[in-house]
Amino acid sequence: MGILDSKIPAGPLEDKWTKHKNTIDLVNPANKRNIDIIVVGTGLAGGSAAATLAELGYNVKTFCYQDSPRRAHSIAAQGGINAAKNYQGDGDSNYRLFYDTVKGGDYRAREANVYRLAEVSGNIIDQCVAQGVPFAREYGGLLDNRSFGGVLVSRTFYAKGQTGQQLLLGAYAAMNRQINRGKIQAYNRHEMMDLVKVDGKARGIIARDLVTGEIERHSAHAVVLATGGYGNVFFLSTNAMGSNVMAAWRAHRRGAHFANPCYTQIHPTCIPVSGDHQSKLTLMSESLRNDGRIWVPKRLEDAEAIRNGNLKPTQLKEEDRDYYLERRYPAFGNLVPRDVASRAAKERCDAGFGVNKTGEAVYLDFAAAIVRYGKEKALISGMKDADSQTIRNLGEEVIEAKYGNLFQMYEKIVDENPYKTPMMIYPAVHYTMGGLWVDYNLQTTIEGCYAAGEANFSDHGANRLGASALMQGLADGYFVLPYTIGDYLSQDIRTGTISTDSAEFDAVEKEVRERIEKLMSANGTHSVDYYHKKLGKIMWNKCGMSRNAKELQEAIDEISELRADFWANVKIPGKPDGMNQELEKAGRVADFLELGELFAKDALTRNESCGGHFREEYQTPDGEALRDDENFKFVSAWEYKGEPKDAVLHKEDLVYENIELKTRSYK
Amino acid sequence: MKLNLKIWRQKDAKSKGQMVDYPIKGVEGDMSFLEMLDVLNEELINKGEEPVEFDHDCREGICGTCSLQINGEPHGPDRLVTTCQLHMRKFKDGDTIVIEPFRASAFPVIKDLIVDRSAFDRIQQAGGYISVNTSGNTVDANAIPIDKHAADEAMDAATCIGCGACVAACKNASAMLFTSAKVSQFALLPQGQVEAVDRVQNMVRQMDLEGFGNCTNTGACEVECPKGISLENIARMNREYLSASLKG
């Protein structure tokens, strides 16, 4: 398999990372001062990597399209971050976190990477607390935990419903300390337009200053891509408006293989679409499933009455409600993994039980939790026989303390009070498990080009468990990359500064300029959004929560046609030499139009159902995903060969030495 | 509904700007304010005109990228929301809506409604951190119990999204609410004590260097803050600053 050497160290699972750290090459502190590293993206993975690398002594340049590193979309993560601390004494351990993650990913992740992730998870919490991240605490002053989907322990640390924000501000603060020391130069409002290779190694990038429109050259001894996921290929997703695949896709075109593009997480609890004007979707944290019960009416006529506005959900009796997750999955109930919960919601809505005017929504109900917490609070407060109204009020206070910001957000968007009437939710695109293929050292198939966080593919298999994205981003940035990149850079201590005045930089810059010119000179019939929305519809309808061979083939053809139309007819007003948000969007959508096709091709090739990838042809009689370990226990890594249809598949066989492959069951 | 928008247009930092009228129809109550601007921009692009540029990203009220002075108020008439979470149901058919960039000399206009808020980054670079290495070789997270009330208060201060509404709301364009929220988060936690003296002095010095105005306790910042950051933070920062000055 040659090129797909995952470089997993030998030895027992628990010793691999320690042994690897002990044997890889190091760069001495004096030499680090002569080595430059570019980090693209400043979310949890990029921000933490940049801070740590600068702290070690390397010269770091960071790039982000936002006006400040602190605005990267990691900031929107709500629910929490996992760590195998076992503070609750409920039987947690590194092995259990590892096992849950591999199982949750439907046995399509690499064992060694996942174990390392579990192993460093505890350190992340120590680190963040030392940095002043205000995690939620109990009255005794110790850290609090909550539960997330797909696991049977409480290992999720959180800061209200703003955990991502607090962790990112921690990483950003660590960056600021290095910026203040002059070890990080931050290029904000800059977009990476392409990767520059010299002698086969990643040696720099071409970036566009989004304010002046200037095209710039930046060189380095290594390039780290921490640019997040590609969920916006669906147009509507919970990603930020600017989230894009450009950096990863440009690297792919330069030789980095793209792994498992079809593994997408459709998150079960998002606010439903309200109309055609919709520009993005808003997540309601999975943590809500700790206390919220999901249901639809049992009878079709009740569902219809609710849709018509003739019946209110609170009027429906307990026995007329179908708590379908509790019914189908008694062991995990409302806390089944995300892919399972999403498909179950779609199944009920497709069968006609949806509860909003579009028929695409289910209820997430807090009434039972409010009463439960209210009774407990009343007892603690010394009220022995509190009346039901007092209990409700006390219960609402508890819920507000836990999820207040989420409830407020819901109320602002939907204009309904979720303390009084159940929330309406529906699945939406949230996270992409696929990404650039990386080896154990997080290096892509381009030497010197690394990928961290959501931008790589390595840890979540075919489905990511809740509260694991933050864990992976920070693990990669704080604790993995700083070691592994040193091993690579140890060869570069005599290289000296990489010149940007070379034929390689000339050539890539020329291509970047030509691409911008081509975009600006198209015919001008339709806006960029017109194409993005069309692409999104194809993706959602044919590559979404359930897929089949016929529709995937149609998607491939339709995306290819749409791409040709885009390049001939897109309309971009204004000029390229200055701020031009339409031009920014156009470059991103152009890459989505290529990635989308590869996505569909990958889904078509994978003739099995696993995790977030559900092929209608491969399911059990009761509608659960049917995996095919004999033929598909591999990572699909696609090599760029021009058009997406010509991409060549390389397989990395997944070896399970420590976990027995089983049919995933949450019943 | 039909609306009459009056929007600030400015080609770049050097050009002079002006208000331009844009009538718009077909606006629905369920649209967010920014989705309403998307509709306007789609119309402008189809007519061959340049769209109105504005800052936005997460569109769920947490990244702090969106701004806009709407009818004279940062983030518009609703309370405790950012512009991206403001919905058109707060307006009536026939309304005139004046849309301007955040105004402050420390926030120069880049284009149309987009301003440069990098001054906030520089204030934080001056000391908004705890100088601890990211090696992971720290004490166990539960080794330092922290009083729940202090932790919760630190969290309340830390929810600041750095949008700049406090500056835009203030007649003096003061950045005291922002800076004090950052100082408070660390002042309330034991981890922040070691560097407390230098932190508050350095951050306040940078705030002054950036050209933000003084605080005259009018409280407009607290009213307009989309995250409800409390004025108490300013009082806390003043105490911290005074005690730092005494310690030298």
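Here are some questions and answers about the two chains of this predicted model.

Residues count from 1 along each chain as its sequence is written, while chains are lettered from A and ligands numbered from 1 in the order in which they are written. As this is a predicted model, local features need pLDDT of at least 70 and side-chain atom pairs count only at pLDDT 80 or more, but totals for chains, interfaces and linings use all residues.

Me: How many helices and strands does chain A have?
Reply: Helices (H or I, at least four residues) and strands (E, at least two) are DSSP runs, numbered from the N terminus. On that basis, chain A comes out with 18 helices and 19 strands.

Me: Why is chain A as compact as a globular protein of that length?
Reply: The radius of gyration is taken over C-alpha atoms, and the globule rule is 2.2 Å times the number of residues to the power 0.38. For 667 residues the rule gives 26 Å, so chain A counts as that compact because its own radius is close to this, at 25 Å.

Me: What share of chain A is buried?
Reply: Buried means that 20 or more other C-beta atoms, placed from the backbone, lie within 10 Å of the residue's own. Out of the 667 residues in chain A, the buried share is 60%.

Me: Which helix gives the most to the side of domain 1 of chain A that touches domain 2 of chain A?
Reply: An automatic or database domain assignment sets the bounds, with domain 1 at 269–429 and domain 2 at 501–632 in chain A. Contact means C-beta atoms, placed from the backbone, within 7 Å, and here six residues from domain 1 of chain A meet five residues from domain 2 of chain A. On the domain 1 side, five residues come from helix α10 (residues 338–350) of chain A.

Me: How far apart do the C-alpha centres of domain 1 and domain 2 of chain B lie?
Reply: Chain B has domain 1 at 3–111 and domain 2 at 117–247. Between them, 18 residues of domain 1 of chain B are in contact with 17 residues of domain 2 of chain B. Their C-alpha centres are separated by 29 Å.

Me: Which element gives the most to the side of chain B that touches chain A?
Reply: Where the chains meet, 67 residues of chain B are in contact with 67 residues of chain A. Elements of chain B that each supply at least two residues include β6 (109–111) and α5 (176–187). The top contributor, with seven residues, is α1(B).

Definitions and conventions
A residue is buried if 20 or more other C-beta atoms lie within 10 Å of its own, exposed if 12 or fewer, and partly exposed in between; C-beta atoms are placed from the backbone. Two residues are in contact if their C-beta atoms, placed from the backbone, lie within 7 Å.
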